[in-house]
Structures are given as structure tokens and as C-alpha cells.
Amino acid sequence: MRLLVIEDDNTLRETLAAQLSEAGFAVEQAADGKEGLYFALEYPIDLAIIDLGLPQMSGLEIIRELRKQGKSFPILILTARDRWEDKVGGLDAGADDYVVKPFQFEEVIARVNALVRRSGGWASSEMIAGPVSLDLSRQEVKVNDVAIELTSFEYKIIEYLMVRAGQVISKTELTERLYDQDFERDSNVIEVFVGRLRKKLDPDNSIKPIETLRGRGYRFGLERKQST
Amino acid sequence: MSSLSARLLVSVSVLLLFFFGVTIVVLDSAFRHAGEQARQDILDGQLMSLLAAAEPGEQGVVEMPPDMPEPRFSNIGSGLYAEIRGAQGVMVWRSRSALGLEIPAGVTPQGGDQFFAEEFLADGTPLLTYSIAVNWEFPDGELRPFVFKVAESLDSFNAQLANFRRQLFGWFAAVALIMLLSISILMGRLLRPLRQVEAEIKDIEDGSRATLSDSYPTELQGVARNMNLLVSNERARSDRYRVTLDNLAHSLKTPLAAIRALLAERSKPGFEERANEQIDRMDEIVRYQLRKPAASGAESPVRTRVNIAAELKKLVAGLQKVHHAKAPAIELTVDPQASMRGDSGDFLELAGNLVDNACKWCVARVRVTVAVTDKASGGMRLTVADDGPGIPADAAEALLQRGTRLDESTPGHGIGLAIVKDIAHSYGGELTIAQSDLGGAEITVTIP
């Protein structure tokens, strides 16, 4: 999951980025509005966290521009202005949720996870499909209520596929969204990881959670369980 | 051109120039015409007397008496000249006054003809001439043609004209000057109250005066009254800001001190939690104090009508995004007659806090209703109901007290209601908490 954080306060941005990385996200950072808009338009982004008071270009302008250009990824607003006028203004411009400063990082990460789930079409707070369940905030995958031990990269793959359960995800998309910028981008590595993931989730090859569609990519194929 | 008096002076000058110009041209031409007519009459008389004095003499020429009835014919260079020419322009007689001068022959009239002409002497002196061609009957019974011509120098007439013009211009210039002068003095007097306003406003800025005086002419009294209203509002507002800022600064000191104290024992368990508690408290203080001055739209002299339906629609759309996971059904009914005059930010603050709280506490349903308080005067009654756990009566009282003693308030939630109450009060309205028929809380804000 690739996140973009646009925030002009260095301490806040870097700490937030570090916390989000720890929570399993690949994070891009931008310190001003123009740079932020550029990243948001040019990079493969799954979610943007945008401060409203930015130099060069305000957060509201960025959001309007992104929506105008047809970018539909979720946007979380960070704002010091917590008058309803400002919040409603941001939501009306096209943002999906807001967090008012000073926030706690857990709060931001919870909101991000909720938006990620929502963007994948998950209405409930738990993501359950067949015997597989995934908890975004704990980064935990269970099969038949047994927690599965996964490396962080394996988790990122299953998370990305499961959030978009039912959609076909190409190897290129996975490489783009999951690697941090400086990693070597080799799509063969993905195949290796998916192979290992299958073995861990489904050692006796009975539930087949990840389908391979030749030449197109992968799909998490189990039926979602929609519960509240 | 920014000065009113300069504008008026320039316009009046242009008008004066135009009217006086036209008057001068008309007067001048009337004077000249009258003068010319008089000259012609005189010349006509002279010519007639010349004709009367002439006698047919011998050798076929007319003869003139040595002494003319008009003495100016006899004085050399008098400015009045006469001559008589025979056939083919042969000079028959010249007056003594024309001695040494060559009066141009000009155009000779034919038999019986007569006309005036303007001609010039050799030295350039302009002349008005009057010629008549006559056939004189001599004693031998023969008719001989003669041209009688009188000429008068126009020098004196021109001098008169010039003098007339000089006087005309002089008088008009004087009148124009006096008019402009009196207008600028008048303007000065008329504009004095405006200068007074300016000076008094400057005094208000300096602090040496509290309000504008009430000694203004009727036309300016409205301006002065509004100015005073603005000044007093501004003063009230800045007082409020000062108090708020003061409260804010002082109430932040305590949690700051607490955090510093906590830092001393940061290795002890629970440090993080306790530090966060203090930060929450500071946040709450800032939120509460910052909203108070914002809720001043009620006192603003310029109050606009809030578009209640549009603002609520935006708010509900936003909140449905935020509470996406819970997806409460928000039922919105707005009476189009309901109105609120003030700041739309204040209205959103009222509605935002109430509807957001309802969305947080509800199980599945939220109902937002806006009705009129009074059929005649309009007003607005905003009711937000939910199907959540509701608020017990004693807790409601406590919730409304929140924020009144900020230093003692416990961090957490409920500050939204205190803010709503403050805003409602600033608009002369009130807030009530009741049980909703949906099962949860029903909070009503009434703004008259």
C-alpha cells in the first residue's frame, strides 16, 4: 500500500511517515503543496494524507485538483483548523475523512486503515473471506482462527490482494505499490513471495486463496463475508 | 481627481468658460453690427450733402463750393474724405482733407448704382467707402456720368471696438474669478463636516476620543451613527479577543507545568498516558477558546442570511463520508421559512457538533429537523435526534456546564455541547436536551 504524506512541518511529517512505515505502508513524503500535487498525480498512490495549511498550494486546492483530474484514491485531511466550516469545506472538496491536530498516531493509522478497507469495498471493520481473516491494525492474518506467521513483505502482498478481493492485480502494480522507492524492482521476486504465501496460508492446497491469472496477475478469490 | 472641491472647481470653470465665451461672441458681434450700421448711416448722410453741394459748372464738370458744410472735409488728414470722378475715372474734385492721400479707385458703380465697400489707403489704414454713380444733367441738356465717393477711416471705430472688447473681457474675467473664489469658499464650508469626521476618526485611532460627536448635518448623521456602531463593535471585539487570548495563555500554563513535571519522571510507568492526557487538555482549551471569538457573528453590524438548507446538505454529505463504516441513516427536513441571520460558520458549528455527536452515539438513525420558531418573525429551531443511549437529565446539566470553568474541566468529550450553547446564547437563543422518540437524545437549539 503506497501512501503519500503532504505536510510542511518536518518533525510531524517525518515522524508520521516513520509510524506509517512501521504500520506496513510504503510512504512518499512531500513538504509543500506543489510537490505534493506532483507526487499525487505522477506516483502510484493508494491513499493521500494532506495537511490543509500548506505553502505554495493549499490542501483544499490539491484535493480539488486531484478530484478534477479523476484521481479517486481516498484522502485523509490533517488540519489544525477544527471549525466545522473548515471540515465540511474539506469533505465537500473531495476528502474522505479528517483528523484534527494534535492527533495521536494510532488515530491516524486507524483512520488510514478504515479508508483503505473502504476503498476496497469493505464495509465492516473486519476483513473476512472464507476461512481467511485479516486485521489491518494488528497486521495479522488468520486462517481458521489460527494466526499465520508472515514476513512483512508477505503480509503486504496478502493485505493488498485481500483489500481488493475479487480484483485482478498485475505483478507490476504489486511491485509499484509495495516496494519502497529504492528497492530493486523485479517482478520475479513477487512470484517467489506469492508462492511462499500460498504455502503458509494453505499448506495442503485446499482453500486456494490466491488465484493466478496467466499474463494478467493475481486475484484474491475467496468470497467476502460482509458482517458488522 | 480625488478631491471633491477640485472636481467642482474644474467643472464650474469649464461651464463658465463656455457660457462666457458664447456671451462674449454674441455681444461683440452685436456691438460691431450696430457700429457698422451707424457708420453707414453717417456716410450716407455725407454723400447726400456732397450731392446737394455740387453744382453743374462750365466745361462739363461739376463744381464744389470752396467751403464744405462738414468741416472734416476741409481739415487735412481728418479721416473723412470725398472725391468726384468723371467719365473714365478722371478726377474732377477732391476734398481738402484727402490732400496727399491716394484713395483707391476701387470698383466703380455703374449708372444709378451705389454701394459700400471696405478699402485700404496706401499706408494700410482701413476705410469704409460709399460710392454712387449719377448722371448729371447739365444746362446744355446733356447728361454726364459722375461717381461721387466718400470714405471714412475705420481707425477710430476699430479703436472703439478694441476698447469695448477689452472692457468686456475684463468684466467677465472679474466675474468668473469672483464666482470661482466664492464656490471654493462655499465648498470649503460644505466639506468641513467631512474634514471633521476625518479628524475625529484620527482622534479615535489615537485613542484621544471614544466616539464621533453628534453635531453633524442631517446628511452625515447616518454615517456618523454607523461609524460609531462599527467603532464600538470593533472595540467590543478586540476586548473579547484580548480576554480570550489572556484566558488561553493562562489556562495553557497549568498543563504545560504538568508536562514539565511529568518529564522529570518520564521513566515511570504510565508517563505516556499522562503526558497525552495533558496534551488533550491543552487541545481542548485551545479549541474552546478559539471558538468563542468565532461565535461573534451575532454581534456583527453586517448580518447576512444563512442558507440553512445548503449548509446542512453539505454537512450531512460530509458526515456520511466520515461515518462511512457505521453508515447511519440521516433524515433531513428543513422548513424553507426557517431563517438565521448571522455567520454561516456559526451555523455550521452548531449543526456540525450536534449532528456529528448524534452520528457517534446513534445505533442506526439520526433525524435533523429545522423548523420556524415563530410564523411571523421566522427564526430557526434546529432539532437533532438519535436512537442512541440518550443523555440522563442530571448528566445533561453537567454537560452544559462544561467549559464555563475551563481550568477545572476534565479532558475528554462534551466540549462540543458547551460550544453549541455559547453560540446559541450569543445569538440570543437557547439549547435544550431531551429524550427523543427515536429512543436516544434529542437536542434542540432555538435561535429567534
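Which strands of chain A make up the open sheet of five strands, and in what order? Reading across, the order is β9-β8-β7-β6-β13, and the pairing is antiparallel. Keep in mind that this is a predicted model.

- Chain A has eight helices and 13 strands, while chain B has eight helices and 14 strands.
- Of the 228 residues in chain A, 39% are buried; for chain B, the figure is 23% of 448 residues.
- Take the contacts in chain A between residues at least 6 apart in sequence: 58% of them join residues at least 24 apart.
- In chain B, 61% of the contacts with a separation of 6 or more come from residues 24 or more positions apart.

**Where chain A meets chain B**

- On the chain A side, 16 residues are in contact with 17 residues of chain B.
- Helices α4 (84-93) and α5 (105-119) of chain A each put at least two residues into the side that touches chain B.
- The biggest giver is α4(A), which supplies six residues to that side.
- Sorted by class, the side of chain A that touches chain B holds eight charged, six nonpolar and two polar residues.

**The helix pair α3 and α4 of chain A**

- α4(A) also has a partner within its own chain: its axis and that of α3 (residues 59-68) of chain A come within 9 Å and cross at roughly 20°.
- Angles under 35 degrees count as roughly parallel, so α3(A) and α4(A) are roughly parallel to each other.
- From α3(A), the residues making the contact are L60(A), I63(A) and R64(A); from α4(A), they are G89(A), G90(A) and A93(A).
- That contact has three nonpolar residues, two polar ones and one charged one.

- β1(A) covers residues 2-6, and five of its five residues are buried.
- R2(A), L4(A) and I6(A) point one way from the strand, L3(A) and V5(A) point the other way, and all are buried.
- β1(A) pairs in the parallel sense with β2 (residues 26-30) of chain A, over five bridges.
- It also pairs in the parallel sense with β3 (residues 47-51) of chain A, this time over four bridges.
- L4(A) is a handy landmark here: opposite it stand E28(A) in β2(A) and A48(A) in β3(A).

- β13(A) pairs with β6 (residues 127-129) of chain A in the antiparallel sense over two bridges, and A129(A) has R224(A) as its bridge partner.
- Helix α6 (residues 152-163) of chain A packs on the sheet, where it touches β6, β7 (132-135) and β8 (140-143) of chain A.
- The direction of α6(A) makes about 105° with that of β7(A).

- Most residues other than glycine have a negative phi, and most peptide bonds are trans.
- The peptide bond from K101(A) to P102(A) is cis, with omega near -5°; P102(A) lies in the loop between β5 (97-100) and α5 of chain A.
- N144(A) is not a glycine, yet its phi is positive at about 50°. This residue sits in the loop between β8 and β9 of chain A.
- Is N144(A) buried or exposed? It counts as exposed, because 9 C-beta neighbours lie inside 10 Å and the cut-off for exposed is 12 or fewer.
- A327(B), also a residue other than glycine, has a positive phi near 45°. Its place is in the loop between α5 (308-322) and β9 (329-334) of chain B, and it is exposed, with 12 other C-beta atoms within 10 Å.

**One residue to look up in chain B**

- F164(B) is in helix α2 (residues 155-206) of chain B and counts as partly exposed, with 15 C-beta neighbours inside 10 Å.
- F164(B) and L27(B) are 137 residues apart along the chain, and 9.9 Å separates their C-alpha atoms.

Definitions and conventions
Residues are numbered from 1 along each chain as its sequence is written. Chains are lettered from A and ligands numbered from 1 in the order in which they are written. This is a predicted model: local features need pLDDT of at least 70, side-chain atom pairs count only at pLDDT 80 or more; totals for chains, interfaces and linings use all residues. A residue is buried if 20 or more other C-beta atoms lie within 10 Å of its own, exposed if 12 or fewer, and partly exposed in between; C-beta atoms are placed from the backbone. Two residues are in contact if their C-beta atoms, placed from the backbone, lie within 7 Å. Ala, Val, Leu, Ile, Met, Phe, Trp, Tyr, Cys and Pro count as nonpolar, Asp, Glu, Lys and Arg as charged, and the others, Gly among them, as polar. Axes are lines fitted to C-alpha atoms, for helices over the stretch in contact, and angles run from 0 to 180 degrees between N-to-C directions. Angles under 35 degrees count as roughly parallel, over 145 as roughly antiparallel, 65 to 115 as roughly perpendicular and the rest as oblique. Two strands pair if DSSP finds at least two bridges between them.
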